[in-house]
2 protein chains.
Amino acid sequence: MATGTREAMLSSAIRLFRERGVGDTSFADVLAASGAPRGSVYHHFPGGKKQLVSEAIRSAGGYVAANFERSTDGPAEMVDRFARFYIRELERTDYREGCPLMAAAVAGAKEEAAGPAANAFSQIHGALTDSLTKSGVKEPRASSLATLAISAIEGAIVLSRTEKSTEPLNQTREELAQIYASVLA
Amino acid sequence: MATGTREAMLSSAIRLFRERGVGDTSFADVLAASGAPRGSVYHHFPGGKKQLVSEAIRSAGGYVAANFERSTDGPAEMVDRFARFYIRELERTDYREGCPLMAAAVAGAKEEAAGPAANAFSQIHGALTDSLTKSGVKEPRASSLATLAISAIEGAIVLSRTEKSTEPLNQTREELAQIYASVLA
């Protein structure tokens, strides 16, 4: 039950960050959304909001990074799966929920948000670069192709959200598929 | 002088949004940063913070969009200039200031932020698509190449900021240059 409350608070925090950003999410919002009792805040997160933010972004980033690191897909499939995941997420939430890592990263001054986001991006980039080199792409091209795909998908999530349309993500996905196909051919 | 105060508040608001996001920027922060007297808030912005946010993002977006719309450069140069602009901005501010449109767009629930950001992205996309079609690229490819470039640069600004390195932006810039060169060849 204690773990249940803690997990519920973390997942509510992640959802609220995705919806409205880190700065606009208060502890009170997280309590209300998770149904956790007020007393649970400092019981579960003695470091206060900073700890909640840091753990929530670490958890969200770990989830995304693990999907890349454990994947046995080739690089083109990894990229396509990442784009399709967010197309589904935007459709599922009526364009309300973006990427928690972007929400954390733009809250630049907050090291508790930006730090775990930077780590997750670096893990994703490492996994995709490895997959590209295993498929025969040499460095430094592998690294820069990984950066292009991550940047483009993250940017397209934001464009799709503001337009309330999956078109930017679908266009980006198709362009990346062409680039990866031509490099991996 | 009245105009001076108003302009100072708008430019301070844009800078603070770029640094820490929209949700973490209060009216008091904008007053402190701009040196505007407390009484000027409702004098200049009778609609309160919503009006300030909306006007600041409209102003920042208008600036970026005008740079695209008035450009006589070809599409490859437009994209390269946009990437280089943010490389310089990140270096100038020691990676503190990102793109105001991204900061506005991730504050999804705030229509006063997301609306003007969506308009600006749409203007930039339109200008770049036009430039691509004028250079002989057919639709729908022109639209999707424009989306790829805007998404990738916006995403790479965030990656560069979290890594405190211009490498992601430089890598993205080089990949986009290759893609645009091959399509425009």
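**Helices, packing and contact in a predicted model**

Helix 8 of chain A is mostly covered, with 20 of its 23 residues buried; a residue is buried if 20 or more other C-beta atoms lie within 10 Å of its own, exposed if 12 or fewer, and partly exposed in between, with C-beta atoms placed from the backbone. The structure is a predicted model, in which local features need pLDDT of at least 70, side-chain atom pairs count only at pLDDT 80 or more, and totals for chains, interfaces and linings use all residues. Residues are numbered from 1 along each chain as its sequence is written, while chains are lettered from A and ligands numbered from 1 in the order in which they are written.

Helix 8 of chain A covers residues 141–163, and its 23 residues should span 33 Å at 1.5 Å a residue; the end C-alpha atoms are 32 Å apart, which agrees. The expected span is 1.5 Å times one less than the number of residues. Just after this helix, A:Lys164 takes a positive phi of about 50°.

Chain A as a whole has nine helices and zero strands, where helices (H or I, at least four residues) and strands (E, at least two) are DSSP runs numbered from the N terminus. The radius of gyration of chain A is 17 Å, close to the 16 Å that the globule rule gives for 185 residues, so chain A is as compact as a globular protein of that length. That radius is taken over C-alpha atoms, and the globule rule is 2.2 Å times the number of residues to the power 0.38. Along the principal axes, the C-alpha atoms of chain A fill a box of roughly 60 × 30 × 30 Å. Buried residues account for 51% of the 185 residues in chain A. Of the contacts in chain A between residues at least 6 apart in sequence, 67% join residues at least 24 apart; two residues are in contact if their C-beta atoms, placed from the backbone, lie within 7 Å.

One helix pair in chain A is formed by helix 5 (residues 75–92) and helix 9 (residues 167–184), which pack at an angle of about 175° with their axes 9 Å apart. Axes are lines fitted to C-alpha atoms, for helices over the stretch in contact, and angles run from 0 to 180 degrees between N-to-C directions. Helix 5 and helix 9 of chain A are therefore roughly antiparallel to each other; angles under 35 degrees count as roughly parallel, over 145 as roughly antiparallel, 65 to 115 as roughly perpendicular and the rest as oblique. Residues in the contact include A:Val79, A:Ala83 and A:Ile87 of helix 5 of chain A and A:Leu169, A:Leu176 and A:Tyr180 of helix 9 of chain A. By class, this contact of helix 5 with helix 9 of chain A has 12 nonpolar, two polar and two charged residues. Here Ala, Val, Leu, Ile, Met, Phe, Trp, Tyr, Cys and Pro count as nonpolar, Asp, Glu, Lys and Arg as charged, and the others, Gly among them, as polar.

In chain B, helix 4 and helix 7 pack at an angle of about 5°, with their axes 8 Å apart. These two helices of chain B are therefore roughly parallel to each other. Among the residues that meet are B:Val53, B:Ile57 and B:Phe68 in helix 4 of chain B and B:Ala113, B:Ala120 and B:Ile124 in helix 7 of chain B. The buried residues of helix 4 of chain B include B:Val53, B:Ile57 and B:Phe68.

The contact between the chains takes 40 residues from chain B and 40 residues from chain A. On the side of chain B that touches chain A, helix 8 of chain B gives the most, with 16 residues. The residues of that side of chain B divide into 19 nonpolar, 12 polar and nine charged.

B:Gly23 is placed in the loop between helix 1 and helix 2 (27–34) of chain B. B:Gly23 is buried, with 23 other C-beta atoms within 10 Å. Leaving aside neighbours within four places in sequence, B:Gly23 is in contact with A:Arg20, A:Gly21, A:Gly23, A:Asp24 and B:Ala107.

Some backbone exceptions remain. Most residues other than glycine have a negative phi, and most peptide bonds are trans. A cis peptide bond joins A:Glu139 and A:Pro140, with omega about 5°, and another joins B:Glu139 and B:Pro140, also with omega about 5°. A:Asp94 has a positive phi near 50° and lies in the loop between helix 5 and helix 6 (100–106) of chain A.
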